[in-house]
Amino acid sequence: MPIVVDIDVMLAQRKMSVGELADRVGITPANLAVLKNGRAKAVRFTTLAALCEVLDCQPGELLRWEPENPGDRDGAAHESGASAPAGSLP
């Protein structure tokens with residue numbers, strides 16, 4: 001997934017455990033693990049805000065975008081049709 005979650009980095013910098021963060025944010029450790037390990041499909045803004053408040057950080061310090069294909073940063077392959085299967089219409 002192109003969205004990377006850096007909660008581990010913040011936890012290490014703050015010397016805080018996953019359990020402590022989950023308690024302070026008000027979510028289960030299991031749900032925090034799903035988010036932390038990049039398996040979440042969505043995150044509520046209220047949860048993101050609580051994470052930022054507890055960790056004293058900005059959302060951009062927790063979430064970042066990385067392209068799935070490093071050479072595809074500008075989407076040029078998609079625009080040129082290079083990624084389309086042979087014989088398909090644009």
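## Helix 4 and its neighbours

The buried residues of helix 4 (45–55) pack against helix 1, helix 2, helix 3, helix 5 and strand 2 (63–65). Contact means heavy atoms within 4.5 Å. Helices (H or I, at least four residues) and strands (E, at least two) are DSSP runs, numbered from the N terminus. The buried set in helix 4 is Thr47, Leu48, Ala50, Leu51, Cys52, Val54 and Leu55. Buried stands for under 20% relative accessible area, exposed for over 50%, and partly exposed for anything in between (1.4 Å probe, protein chains only).

This is a predicted model: local features need pLDDT of at least 70, side-chain atom pairs count only at pLDDT 80 or more, and totals for chains, interfaces and linings use all residues. Residues are numbered from 1 along each chain as its sequence is written, and side-chain values use heavy atoms, with hydrogens and water left out.

Thr47 is found in helix 4. Its relative accessibility is 17%, so Thr47 counts as buried. Thr47 touches Val25 and Ile27, leaving aside residues up to four places away in sequence.

Leu55 also belongs to the buried set of helix 4. With residues up to four places away in sequence not counted, Leu55 touches Met10, Arg14, Met16, Leu21 and Leu62.

## The nonpolar core

The largest nonpolar core has 19 residues. Such a core is a set of buried Ala, Val, Leu, Ile, Met, Phe, Trp, Tyr and Cys residues joined through side-chain atoms within 4.5 Å. Ile7, Leu21, Leu51, Leu55 and Leu62 have the most contacts inside this core. Helix 1 (7–14), helix 2 (18–25), helix 3 (29–36) and helix 4 (45–55) each supply at least two of its residues. The largest share, six residues, comes from helix 4. In soluble globular proteins, nonpolar side chains tend to be buried together.

## Helix 3 against helix 2

Helix 2 and helix 3 pack at an angle of about 110 degrees, with their axes 9 Å apart. Axes are lines fitted to C-alpha atoms, for helices over the stretch in contact, and angles run from 0 to 180 degrees between N-to-C directions. Helix 2 and helix 3 are therefore roughly perpendicular to each other. Angles under 35 degrees count as roughly parallel, over 145 as roughly antiparallel, 65 to 115 as roughly perpendicular and the rest as oblique.

Helix 2 brings Val18, Leu21 and Ala22 to the contact, and helix 3 brings Pro29, Leu32 and Lys36. These residues divide into five nonpolar, no polar and one charged. Here Ala, Val, Leu, Ile, Met, Phe, Trp, Tyr, Cys and Pro count as nonpolar, Asp, Glu, Lys and Arg as charged, and the others, Gly among them, as polar.

Ala22 lies in helix 2. Its relative accessibility is 1%, so Ala22 counts as buried. Ala22 touches Ile27, Thr28, Pro29 and Leu32, not counting residues up to four places away in sequence. Ala22 and Val54 are 32 residues apart in sequence, and their C-alpha atoms are 9.9 Å apart in space.

## Helix 3 against helix 1

Helix 1 and helix 3 pack at about 115 degrees, with their axes 9 Å apart. Ile7, Asp8 and Leu11 of helix 1 meet Leu32, Leu35 and Lys36 of helix 3. This contact divides into four nonpolar, no polar and two charged residues.

## Cysteines without a bond

The structure holds zero disulfides. A disulfide is a pair of cysteine sulfur atoms within 2.5 Å. For Cys52, the closest cysteine sulfur is in Cys57, 4.2 Å away, which is too far for a bond. Cys57 is in no disulfide either. Both residues are buried: Cys52 has 9% relative accessibility, and Cys57 has a relative accessible area of 8%.

## Positive phi in two loops

Lys15 lies in the loop between helix 1 and helix 2. Lys15 has a positive phi of about 50 degrees although it is not a glycine. Its relative accessible area is 75%, so Lys15 is exposed.

Asp56 follows helix 4 and lies in the loop between helix 4 and helix 5 (59–62). Phi of Asp56 is also positive, near 55 degrees, in a residue other than glycine. Asp56 is exposed, with a relative accessible area of 64%.
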